[in-house]
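Here is a brisk report on a protein chain.

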Amino acid sequence: FFNKMENLDFRFSGSAKAVKITALTLIYVFSVTQLSHYLLHNLTWEGLLKETILWFAVWMLWQHTIWVTNWFNPDTRPIRILLFISMLVGLVMAAAIPYAFTYRGLIFAVCYVLIQAGRTLYIIGVLGDHHLAANFKRIMGWFCISAVFWITGAILQGEWQILLWIIAAICDYTAPMHGFALPRLGRSDSSKEWTIEGHHLVERCQLFVIIAFGETLLMTGASLSEVEEWTPLVIISAVISFIGSLAMWWVYFDVSSEAGSRKIQEVKDPGKLGLIYNAIHIVLVGALIICAVGDELIVAHPEQEMRAEVVFVLIIGPIVYILANSIYKYVTCRMLPLSHIIAVIALALLLPWPYHISLLTLDHQLQVVPAAHQQHALHLVKGGNGGCDLVKAAALFGADVQLDDRLHAVHLG
């Protein structure tokens, strides 16, 4: 069932392969909803830390799954069965998220380890002496290392669980960055062993971004439906939240998503660039989940005064999101939009003084920033003839983007 790269083609949208892989995302839609509600009901500094740990686990499952479906043809029965089993175990794992740090921690950890280690062990058995087998053996080694921390933390619970799960998440997140290096097994060579189809990987990252954006709209809509009396204040809150979500969607999908897709198809080492994309998107999508919680708070409690955790959700979430987009555009286009820098500074200036104003008042000020930032970006990037094409050309040919009247970008040489 092994599918050589020259025969692998995911570039046709709407293909049977894309549909099968997209079906897998339904479990992750549920996971994102579980994560956002977990943070909503545990909106403390400790809750933020725990939600971040759980989010890293969910993303790492997604990341390794899309890489496997990139290397192997998901249209074959063995891989299809593997995906369906992963979906079932993933469903149980997602259902355990609300109580992952109490009495369902062991269920969450065992499900995570079963998916990661089980999938990898299965692939090793099928590959035999294939040249990719060594890569998967290294991956398996690191999953075994992190599994010790996941399982032990779940058994010990309390502060030990938090500490050990942080170590486990760091192991899983950083292991690909050094090629899953292990004694005797060596390290993976991204140019030879991570021969992925870049366009497929970028599409899967973009799909998860869409899932997260969907969650921001779902949280807004769900909050609106639960409000008994739709006062003008509530309606205004919902509209402002929607505008904010739309502005953040535009920041990502207007230019950088397509530029990223083109860039990874042109580079000599798509595996290495794909890893960088994954590392950026885990932060970017995580910030969107935080923003979704902010949208729910705005609509449900527009007149509520602030506390530090709420300020984090409403201000730091968008800051992290814009910073992640800035890094993504630098990686794909070798440029930093001036509008992104201005937006981050403007949001940071709101941090010292929102504690005695209502959520709606702060949210209105917050949405002005990304909306103005995006309007500025649209005017500068698309102004004149071909400003957007200049960004795409830079992404395509690896050229540097110079500071000029049509595209206001900070040149980074």
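## Nonpolar cores

The largest nonpolar core has 101 residues. Seven names stand out there: Trp-55, Phe-108, Phe-136, Trp-150, Trp-165, Phe-208 and Tyr-321 touch the most other members. Helix α2, residues 45-71, is the top contributor to this core, giving 14 residues. A separate core also exists, with 13 residues. Its members include Leu-40, Leu-48, Val-293 and Leu-297. The model behind all of this is predicted.

Setting aside residues up to four places away in sequence, Phe-208 touches Tyr-28, Val-32, Trp-55, Val-58, Trp-59, Trp-62 and Val-285. Among these partners, Trp-55 is itself one of the core residues that touch the most other members.

## The chain as a whole

The chain has 413 residues, and 56% of them count as buried. Its secondary structure comprises 15 helices and 2 strands. Take the contacts between residues at least 6 apart in sequence: 77% of them join residues at least 24 apart. The accessible surface comes to about 17500 Å². Carbon and sulfur atoms hold 66% of that area.

## A nonpolar patch on the surface

Leu-217, Trp-230, Ile-235, Val-239, Phe-242, Ile-243, Leu-246, Trp-249 and Trp-250 form a surface patch. Together they have about 830 Å² of accessible area.

Which helix gives the most to the nonpolar patch? Helix α9, residues 232-253, does, with 7 residues. Ile-243 lies in this helix α9. Ile-243 has a relative accessible area of 40%, so it is partly exposed.

## Salt bridges

Side chains of opposite charge can pair when their charged atoms come close. How many salt bridges does a search of the whole structure find? It finds 2.

One joins the side chains of Glu-46 and Lys-50, at 2.8 Å from N to O. Both residues lie in helix α2, 4 residues apart, or about one turn of the helix. Lys-50 is at 14%, so it counts as buried.

The other joins the side chains of Glu-203 and Arg-204, at 3.6 Å from N to O. Arg-204 counts as buried because its relative accessibility is 6%.

Asp-295 sits in helix α11, residues 270-300. Is Asp-295 buried or exposed? Its relative accessibility is 6%, so Asp-295 counts as buried. Neighbours within four places in sequence aside, Asp-295 is in contact with Thr-216, Thr-220, Ser-241 and Ser-245.

Ser-146 belongs to helix α5, residues 133-156. Its relative accessible area is 2%, so Ser-146 is buried. Which residues is Ser-146 in contact with, leaving aside neighbours within four places in sequence? They are Ala-168, Cys-171 and Asp-172.

## Backbone: a helix and its end

Helix α4 covers residues 105-127, 23 residues in number. From its first C-alpha to its last, α4 reaches 33 Å. That is close to the 33 Å expected at 1.5 Å a residue. Gly-128 follows α4 and has a positive phi, near 65°.

## Backbone: positive phi in a loop

The loop between α6 (158-174) and α7 (190-193) holds Phe-180. Phi of Phe-180 is positive, near 55°, although the residue is not glycine. Phe-180 counts as buried because its relative accessibility is 5%.

Arg-184 lies in the loop between α6 and α7 as well. Arg-184 is not a glycine either, yet its phi is positive, about 70°. Is Arg-184 buried or exposed? At 91% relative accessibility, Arg-184 counts as exposed.

Definitions and conventions. Residues numbered from 1 in each chain as written. Predicted model: local features only at pLDDT ≥ 70, side-chain atom pairs only at ≥ 80, totals over all residues. Heavy atoms only, no water. Buried < 20%, exposed > 50% of the residue type's maximum accessible area, 1.4 Å probe, protein only. Contact = heavy atoms within 4.5 Å. Core = buried A, V, L, I, M, F, W, Y, C linked by side-chain atoms within 4.5 Å. Patch = residues over 30% accessible without salt bridge, like charges linked within 9 Å, V, L, I, M, F, W, Y side chains within 5 Å. Areas by Shrake-Rupley, 256 points an atom, 1.4 Å probe, with all protein chains shown as cover. Salt bridge = Lys/Arg side-chain N within 4 Å of Asp/Glu carboxyl O. Expected span 1.5 Å × (residues − 1).
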